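Visitor: Can you walk me through this one? I am new to reading structures.

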Amino acid sequence: MSADPGTDRVTGAGTAGCAGVGRNGSVLETSAPERALRSVMTAAGHDLMQPLQIISHALERVAARDQRKDDRIWLEAALVQVERLASGLSQLVEAGVSGEAAPLPSPQCLGIIMEESRAAWEKSATARDMTLEITPVPVRVRTDRARMRSILDNLIGNALKYGRSRVRVCTTGGPGEIRLDVTNDGDVIPGDVRERLFDAFYQADGSREGIGLGLSIVHGHCSALGHRIEFASDAEGTRFSVVIDRADG
């Protein structure tokens, strides 16, 4: 994976086959390492749910008391993210138990996915004194809903992490495809960082929160779904774009 010289396009995000699915659509038998990985996924997801529930109950008890405005904002943001984490762990357990191959792209309403991401991140943006602008559009695209939501959530989280005051999510349309843009007003991405931007566990600034997996996950989902991922960074900010095939012609 590398950035094409002189462009914002990232190679390696073309159409990919669905792992575990044969040419005739039948599910292929999983290997021993794959079964072991699914077992670990199931156990980890299940075991993490219990401490997460305790954290959730503790936050709810604190939320029931009077709080300063600033503390209240952070508390509400934490509760939303706990719900998001619980949903992700449930999906992890379901994927491990089912043993099914990754879902193929199908018609999905992009506007609904954008609304869900807005609900998940607006309180976090407020807690950081940042503005999050999301303009949902009622357009149908060919994607997987859970993976597309993960793509958008990771791009928004990354934008909030590196932006100064504003994150904007919008779309532009053309014949046969939709471009979803996530833009922040942060610093320019240095040239040496761009080459490793989508590498797993890489962080441009090690002092920031996180472990450096978000953009790698975005790239992996885009590759699996046949979406194109692009980025541009200049003095006005940084934009990540996902180009998706329309489902309505």
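Guide: Start with a term: a contact means heavy atoms within 4.5 Å. In the protein chain, 71% of the contacts with a separation of 6 or more are between residues 24 or more positions apart.

Visitor: Where does the model come from?
Guide: This is a predicted model, where local features need pLDDT of at least 70, side-chain atom pairs count only at pLDDT 80 or more, and totals for chains, interfaces and linings use all residues. Residues are numbered from 1 along each chain as its sequence is written, and side-chain values use heavy atoms, with hydrogens and water left out.

Visitor: How many helices and strands does the protein chain have?
Guide: The protein chain has 6 helices and 7 strands, taken as DSSP runs (helices H or I, at least four residues; strands E, at least two) and numbered from the N terminus.

Visitor: Pick a helix. Why does the span of H4 agree with its 18 residues?
Guide: Helix H4 covers residues 145-162, and at 1.5 Å a residue it should span 26 Å; its end C-alpha atoms are 26 Å apart, so the two agree. The expected span is 1.5 Å times one less than the number of residues.

Visitor: Which residues of H3 meet H4?
Guide: Among them are Leu 110, Ile 113 and Trp 121 in H3, while the H4 side includes Met 148, Leu 152 and Ile 156.
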